[in-house]
Amino acid sequence: MYDAVIVGSGPAGAFSAYALQGRNVLILDVGYRPPKVSDLEGNLYVLRQQREDLFEELIGSEFEGLHNIHKRNISLKLKSPYMSYIVRDWAELMPVRSGNFEAVASFALGGLANAWGAGVFRFTTKDLAGFPIKLADLEPFYDEISNHMGISGANDDLASYFGAEPHLLPPMRLTRLASDILDRFRIRKAGFERQGITIGRPRLAVLTEPHNGRAAYQYDNLEFYRPYNPAIYNPAFTIDELAARNQVTLHTGYLVHEYKEQDGGVEVTARNLSTGSYEKFLGKNLILAAGTLGTSKIVLEANRDYESRLPILDNPLACIPLFRLSRIGASLEIHDSALGQLNLIYQDANSPDLLQGTIYGTTGPLRSDVLFQFPLSIWANLTWARYLSPAMALLMLFYPGSNDSSNYIRLKPDGALDINYEWKSNQVAERRLIRAFRRIGYFSAAALCQYPAMGSSLHYAGTLPMKTNAGCYQTGADGRLYGTKAVYVADGACFSALPAKNLTFTIMANALRIARKVRTSLE
Amino acid sequence: MADDRTALESEARHFYALFFRRPLPGPVVERYVAANHLCFPALDPKAREMVATIVTRRLDAEAIELALRLRKGSRVLTGKIQILFYLVEVRSEYYGYFINQAPGWWSAVLRLLGAAVRTGWKCAKGLYLVWRYDFV
């Protein structure tokens, strides 16, 4: 019998394993890995000019890069040939049916964090309202993870929203456009702050200096195309390191279906995907870290519950293009990244919601990915993409997860998840932000805003929320699932609320906290 | 299957000639055919007939595509042209079509204005062609 069985290898699984390293721990996961990438070194745009044909690398021999032409839209990051392992087979292994929620899940080692934006923001006391834990409960774990993976950024005007990081690496280099926005914001800072807008450097789990044996970031623009960039933290790095040092046992190729508590432990049933047979594993504790959707499915399946509707949270998104007219026709800055350039916080005086935005450049995707999204002829779109790209930044605005009781997830008898999530922007925040940016020379219009479908943020949470007095399908402050003795929920499923922030850093810290408690109970 | 292949090759040549002035590379044609088999394995008869009409009558596919896209009509033509753009974009000789290599504000603004005018013209032409040939 294992001391603990951990299901999943994403952010929650990795830091649960990190907490329990050295104990008799088993990690069960499907665990797909990226293909060997031998020939994609250097800067994307230099490669595109120098190599006659990058079909294999950017489109793929199986035409993976054409995914969105003939299948349901997924993030551009998830469809390139060397990155498509992240979403391999997910729709077959965990089918989801929904008319308004475009869910994505990953069965890759490291989970969806193989393609994350690497934004690491601590939750504040306000963010944790509704949680049965306090910021002080998480802070030591934030610090520990920060040291482990390395975070670049600055303790600037956003520190009061993102929390002070004691050991930051130098911030990422800014593009001319991002640098210009930041300079103009600083000149008119008082005016911006009166409108509730603060702009600063992002906190990224991206190394700007070598750290723990990993190399620094190279500004090569390959985030959309090359997996396992050592400069960008991936939970698979931690899992592999622990497994290599025999601190944990890793079994990949297993899809966990359900669990059953019995005397002295938990029996976990998983399907061996290579043989098709069902195998059982025994642990004194079970830590569910399969991602919010995966964990919810396992819990409902274990209870044979095809009726209950669990709550679900997701960050609605708005995408606002910003144009600096003086940069029309400039050269594209090719030594850039597809990572966030700046972060923005918007707090409307008349609304309790605090919104967070990330400003991106436009050098990540291929032009063909976006050519047909604007209401112009193809040739005109190509011309606009060529001359406007250097003048364009994208503000991705995250709204907090909505606690609307009509949003739900449930398991159907055929094993598919049924999800409903309704949300519609009233465009008030978008219009105010557009007006504020216009005052510093950046133009946009509400008509140009795009609203990706719900589910696109990949920030899913809150299906088995932590409560002070947990009830059915809820978890206690220690992450233990109500009605069980040793089943813990360590991923986003146990979040009590979802502020407008990337939740990954808090998933990691909370998983570390929960698994440390499990370790203490074992000792 | 041979007929299908010939039709797809003709499509590729027709669409390509609307946008690019250099000779169409052989690998792009091969990949266009294969990509269509994957993305559009079974076109409905109406869409098949529309594409065949555009190619055999040498109609302005850019104009028709714009009209259909704005009217939220069939996405087949958009998809086929998008496939072609993906296949050429990853080749170095087309880099300049996608990425600006001659910086200059005035020339860029003039081209953008020209592109906007072109859109107006293509939209009107496309709406007429869609009506004339009853494309949906």
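The model is predicted: local features need pLDDT of at least 70, side-chain atom pairs count only at pLDDT 80 or more, and totals for chains, interfaces and linings use all residues. Residues are numbered from 1 along each chain as its sequence is written, while chains are lettered from A and ligands numbered from 1 in the order in which they are written.

**View 1. The hairpin of β15(A) and β16(A).** Five residues lie between the two strands, and G415(A) in the turn has a positive phi of about 95°. Strands (E, at least two residues) and helices (H or I, at least four) are DSSP runs, numbered from the N terminus; two strands pair if DSSP finds at least two bridges between them. L411(A) is placed opposite L417(A) of β16(A).

**View 2. Strand β15 (residues 408-411) of chain A and its pairing with β9(A).** I409(A) and L411(A) make up the covered face of β15(A), Y408(A) and R410(A) the uncovered one. Strand β9 (residues 310-311) of chain A runs antiparallel to β15(A), joined to it by two bridges. In this pairing L310(A) stands opposite I409(A).

**View 3. An open sheet of five strands in chain A.** The strand order is β4-β12-β13-β14-β11, with antiparallel pairing. Because β4 (197-200) and β11 (317-323) of chain A stand at the edges with a single partner strand each, one side of each is left without a neighbour in the sheet. Neighbouring strands are turned by 20° against each other on average, direction ignored. Seven bridges link β11(A) to strand β14 (residues 392-398) of chain A, and P321(A) has L394(A) as its bridge partner in β14(A).

**View 4. Helix α14 (residues 428-438) of chain A on the sheet strands.** The helix lies across β4, β11, β12 (342-347), β13 (354-360) and β14 of chain A, and runs at about 20° to β11(A). Axes are lines fitted to C-alpha atoms, for helices over the stretch in contact, and angles run from 0 to 180 degrees between N-to-C directions.

**View 5. The contact between chains A and B.** Chain B contributes 40 residues and chain A 38 residues, two residues being in contact if their C-beta atoms, placed from the backbone, lie within 7 Å. On the chain B side, α7(B) gives the most, with 11 residues.

Methods: Buried ≥ 20, exposed ≤ 12 C-beta atoms within 10 Å, placed from the backbone.
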